[in-house]
Amino acid sequence: MELKDFIENIAAQFNDTDASEIKEDTVFKELDEWSSLIALSVIAMVDEEYDVTLQGDDMRAANTIEELYQIVKGKL
Amino acid sequence: MSLLAIKGVRIAGFSAGVPKQIVSKIDSINSSDYDASEFIEKTGIKEVRVSDDFTASDLCLAAAEKLLQDLGWEKDSVEGIFFVSQHPDYILPATSCILQERMGLSKECYAMDISLGCSGWVYGLNAAASVLAGHGMKRALLLGGDARKRAKCDFDPLFGFAGTVTALEYTGLDEDEMRFHLGTDGSGYDALIIPDGGSRNPATVDSFKMEEVDGKMMHRMQARIKGMDVFSFSISIVPKSIKKLMAEEGKSAADYDYFVLHQANTMINEMIRKKIKAMPEQVPYSLHEFGNTSMASIPLTIVTQLKGKVESKPTSYIACGFGVGLSWGTVSFRTNRLVISDLVEL
C-alpha cells in the first residue's frame, strides 16, 4: 500500500476539488467540498481498494490524509 | 448469531400502503452539507412519500384490508397479528391490540408488537412463522410500517412512510421452508437513537431544547444517526450474514431469483450486491421512489418492483434487513401462487 496511490484514491472521491489540492498533509474535513456523503464514499473506497472497514471513530480521529492512511495501514 | 429453520409455513401474499403525497428531493433538500443532486446520486433517493395524516398503523390497516380482500380470507380466519414498528400509535397500549379492533378481527386473536426497525420484517417473519409452525394457528398477518410523525425532523431526508402486510399460512409441508440468520450488536445502540422520551431519559421541557449534533440543530426527541457507523456496519456485517446463510444452504448467489435488501441507500446496497456476487437484475430497488422505509422496505420493494413477475411461478429469495439496534436478519424463502396487491395510496 502506497501513500501516493491512497492520496489519488481519496482525490477521486471529490468532484469539484482539484486533485492538486489533495496532499498528504491536507486536512480533508476542511475542504469546501467535504460532506457527510463524501465521508461515506471514502469508507466505501477504502473497503473496496484495501479490504479495510473504517469505523466512524477512525474517520473522526484522522485530520490529515496521511493520518487516515496510517489508520488504514494499521488495519491491514 | 443464530441460524434457524422453520418448516410448514408459507407466505401467501404481500400488500403495502403509502401516503399519496410525494416529496421530491430536488425540491426539498436544503442542507449546508451537500446539494440535492449529490444527495440523489449517492443515496439513490429521488422522492419519498410522507404525510402528517397517517400513522404507521393507518397505512398497515389500509394495506391489510386490501390484501384480505385479494386473498379472499375471511377476517375471522386470521388468528394472529404481529405489528412491527418503532413508531407505534401510543407508548402504551400496544398498537396490535388497537389494530385487532380496527381490523374487525375476532377477539380470539393473538396480537403483539415487535419493536425493531430496519431488521424488523425478518425478525417479525421469524416470530410469526414460529408461532404458526408450533402452535396450531392457521393464518396470521405480519404488519410492518414506519411513519415518523413522533420524531419529525424536516431535514432528515432519507426516510419515507409506508405500511406493509405479509400474509402467512400454515401448510404443514416440509417444502415450505424458511431459513434465517439473525444477529445483534447492542454496542452500537446509539448509532441510531432518539435519546429522550423513554424510561432511560424521560421527556422533560429540556428534551425540546435545540442542540447541535454533527452540525445540525435538533432536539432530543428526534432521531439522530451516526451515518458513518451505520455505513461501516452495513457494508461489513450484511454480506457476511447473507454469505453465511447461502453457505448453510449449500448455494451461491446465482441459485436465488432475488435478493431483496433493506433499502438503506444506493452506495450501501450496491456494495452489498457486489460482495455477495449478485447480478443487478437480482436486486430490486424501491428507494428511488419511496426512500428508506425501515421495516417496511423489504415487502414494499416486493409489492412495487416484483408485482407481475413472481406471482404465478416458484420463486426463491434472500431478504436481509439491517440497521438500528444494531440488529440484522437474513432469510431465505420461496413463494408460489403468491398474491401481491396493487399499491394502496392514501
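Analyst: Two residues are in contact if their C-beta atoms, placed from the backbone, lie within 7 Å. Helices (H or I, at least four residues) and strands (E, at least two) are DSSP runs, numbered from the N terminus. The model is predicted: local features need pLDDT of at least 70 and side-chain atom pairs pLDDT 80 or more, while totals for chains, interfaces and linings use all residues. Residues are numbered from 1 along each chain as its sequence is written, and chains are lettered from A in the order in which they are written.

User: What covers the buried residues of α7(B)?

Analyst: The cover comes from both chains. It includes α2 of chain A, along with α2 (36-43), α6 (227-248) and β14 of chain B.

User: Which residues of α7 (266-275) of chain B are called buried, and why?

Analyst: The term needs 20 or more other C-beta atoms within 10 Å of the residue's own; 12 or fewer makes it exposed, and in between it is partly exposed. In α7(B), the buried residues are Met267(B), Ile268(B), Asn269(B), Met271(B), Ile272(B) and Arg273(B). Lys277(B) follows the helix, and its phi is positive, near 60°.

User: What makes Asp51(A) exposed?

Analyst: Asp51(A) has 9 other C-beta atoms within 10 Å, so it falls on the exposed side of the cut-off. Asp51(A) sits in the loop between α2 and α3 of chain A. Its phi is near 55°, positive in a residue other than glycine.

User: And why is Ser294(B) called buried?

Analyst: Ser294(B) has 35 C-beta neighbours inside 10 Å, and therefore counts as buried. Like Asp51(A), it has a positive phi without being a glycine. The value for Ser294(B) is about 55°. Its place is the loop between α8 (287-290) and α9 (297-305) of chain B.

User: How do you know that the radius of gyration of chain A agrees with a compact globule?

Analyst: The rule is 2.2 Å times the number of residues to the power 0.38, and the radius is taken over C-alpha atoms. For 76 residues, a compact globule would come near 11 Å; chain A has 11 Å, so the two agree. The C-alpha atoms fill a box of roughly 30 × 25 × 20 Å along the principal axes. Buried residues make up 28% of chain A. Of its contacts with a separation of 6 or more, 53% join residues 24 or more positions apart.

User: What pattern does chain A follow?

Analyst: Along the sequence it reads α-α-α-α. That is 4 helices and 0 strands.

User: How many residues of chain A are in contact with chain B?

Analyst: There are 13 in chain A, facing 15 residues of chain B. On the chain A side, α2 (36-50) and α3 (56-61) each supply at least two residues. α2(A) gives the most, with 7. The chain A side divides into 7 nonpolar, 5 polar and 1 charged. Here Ala, Val, Leu, Ile, Met, Phe, Trp, Tyr, Cys and Pro count as nonpolar, Asp, Glu, Lys and Arg as charged, and the others, Gly among them, as polar.

User: Which residues touch the most other members of the largest nonpolar core?

Analyst: A nonpolar core is a set of buried Ala, Val, Leu, Ile, Met, Phe, Trp, Tyr and Cys residues joined through C-beta atoms within 7 Å. The largest has 120 residues, and Ile43(A), Leu59(B), Ala64(B), Ala140(B) and Leu143(B) touch the most other members. Leaving aside neighbours within four places in sequence, the contacts of Leu143(B) include Cys60(B), Ala64(B), Phe83(B) and Val165(B).

User: Where is the peptide bond to Pro93(B) cis, and where does Pro93(B) lie?

Analyst: The cis bond runs from Leu92(B) to Pro93(B), with omega near 5°. Pro93(B) lies in the loop between β5 (80-84) and α4 (95-102) of chain B. Another cis bond joins Gly325(B) and Leu326(B), with omega about -10°. Leu326(B) is in the loop between β15 and β16 of chain B.
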